[in-house]
Amino acid sequence: MKPFPRALAAVILLVAISAFASDQTPTVDWDTVAKIREEGLQRSEVMDIVGYMTDVLGARLTLSEDMKRAQAWAKDKMEKLGLTNVVVEPFMDYGAAWDNEYFSLHMLEPDYQPMVGFPLAHTAGTKGKVVCPAVIASDIQTKKDLDRYRGKLKGAAVLITPPFTLDMAALTQGVARRTPEEMKQMEEAVVPTPQRPATPPPPLNPDLLKPEEKLEFFRAEGAAVVLQCESGMPGAVRGFARPGTKDDKWSREKTLGTLPIVAVTPEHYNRMYRILKRNIPVKIEAEVRNRVGEKVEKAANVVGEFPGTDLADEVVMVGAHFDSWHASPGASDDAAGCAVALEAVRILKAIGVKPRRTIRLAFWGGEEQGLHGSREYVNAHFGNPKDPKAGIKPEYEKFSSYFNQDYGAGQFRGIYLQGNERVRRLFAAWMEPFRDFGLTTISIQSVGSTDHVSFDAAGLPGFQFIQDRIGGTAGHTNMDFFDTLRAEDLMKNAVVEAAFVYHAAMADQRIPRKQLK
Ligand SMILES: [Zn+2]
């Protein structure tokens, strides 16, 4: 290849950049960034915040008493920070509150062993301690399969999933940060990734039983407790809500009328399973006590504001989901994201900035069950042109952007543009002061599974950062505790988030929007 004159290359680059130019010339306020860095790196409170959330408050299942207590703390914390209009804002009828109060599981025969497990959310408890034989029924697929088990499950602990192969690599190798090749791949993607697979999944075999139909069979047969394993991670229990909860809206009657379902750690589950396969009886003892609310209640988000000045009616939002599953405090998923967002706003308060637009901090509820909190919030406050029920509110035009952290607790390495080419130059400029953090990658890709999607789906600019995977491996298990977090990563994230929110709040114009498809 012939050598290319540098000056010419520069001109071509400039032309190329201006062809892609967004509507505003990005400015970086280096003085304020310096203050943000100083406050966020030398006087950080992020680990204290996330430590309180995870150690003292604990798990935060949407619409549990635990979550209500945590939300009251969050409201108080935001008020103490000097935020205004702080509210615990209900967003939809969510069902009856559910909390686990006590759990124990033991193998009694052929050998004693305490077992690690956790009851699924919105299941019933046992009536005191139950001692029962374990029975494998993990091969039930269709109605015909049920016949083999009729009359054989009364008073039994039913093992309903096959044994789970352990992923030993996760234990022995740890999790690598993103490689330069991976970062390059993301950067070089030229079109946004579709958020849903292009080909719909094949239609289900109509004879296949739904999980809730199988459970109904076990209940009708008089089983005492259901045991399952959905984790291949050593030592980990992975368990969500009882199947069917979405349709029955977490009703008290359905919850109390179901069986206790316990997710068991793979080593312990597999051991029982292998013994039974040798035709040697296994006896277990279980006790589950859950508290179920008396009435249907609304789930809520917690929202507070740092009021703007000359553009106070325009809004820049930052946040994360405050709810977790119930087997651990959800340190990386997503107490970390909430702590980072809170710390970002704290930093801006501490250095005394006067934002032009209002900065609004949100701790969402109901994310784990389907982004409910953020979606209902967007519908109620901004509207959604694609949803006739939501309509378009006057605030829709006044909205600037939303920033989110929910891909674990690893540090920010860049940002996904969510298909919005018009923000590329803006974000590139805002990332410039953080090259030393390794915040260098801009990807046109669209990503899903968390709350920025609720904004994006309504045509509002909502963004998720590209994150290292450190600390994010324990999500949705009983092992997502404070110990998975790295202070350095979260401190940097709060600094970056503060700078993004600050620049978005100060820019001459709101963040440009992409065309709504
Ligand atoms: Zn999450």
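A salt bridge here is a side-chain nitrogen of Lys or Arg within 4 Å of a carboxyl oxygen of Asp or Glu. The model is a predicted one.

Start with the domains. The assignment for the chain gives domain 1 as 27–96 + 296–506 and domain 2 as 98–169 + 196–292. Taken over C-alpha atoms, their centres are 35 Å apart.

Now the interface. From domain 1, 18 residues are in contact with 23 residues of domain 2. Between them, domain 1 and domain 2 bury about 1,700 Å², and carbon and sulfur atoms give 61% of that area. How many salt bridges are there between domain 1 and domain 2? The count is zero. Polar contacts are another matter: eight residue pairs make them between domain 1 and domain 2, both residues being at pLDDT 80 or more.

Searching the whole structure gives two cavities of 30 Å³ or more.

The largest cavity has a volume of about 60 Å³. Its lining includes a run from Gly459 through Leu460, Pro461 and Gly462 to Phe463, with Asp456 also in the list. Leu417, Gln418 and Asn420 line this cavity too, as do Arg513 and Lys514. By class, that lining is four nonpolar, four polar and three charged residues.

The second largest cavity holds about 50 Å³. Which residues line the second largest cavity? They are Ser324, Trp325, Ser328, Gly330, Asp333, Glu368, His476, Thr477 and Asp480. This lining divides into one nonpolar, five polar and three charged residues.

To close on the interface: zero salt bridges, and eight residue pairs in polar contact at the pLDDT cut-off of 80 or more.

How values were computed: Residues numbered from 1 in each chain as written. Predicted model: local features only at pLDDT ≥ 70, side-chain atom pairs only at ≥ 80, totals over all residues. Heavy atoms only, no water. 1 Å grid on protein atoms, 1.4 Å probe; cavity = no way out; pocket = protein on both sides within 12 Å on 5 of 7 lines; lining within 4 Å. Points joined across faces, edges and corners; volume = space filled by probe spheres on them. Nonpolar A, V, L, I, M, F, W, Y, C, P; charged D, E, K, R; others polar. Domains from an automatic or database assignment. Contact = heavy atoms within 4.5 Å. Buried area = accessible area lost by both parts, 1.4 Å probe. Polar contact = N/O pair within 3.5 Å; in protein donor to acceptor, adjacent residues only side chain to side chain.
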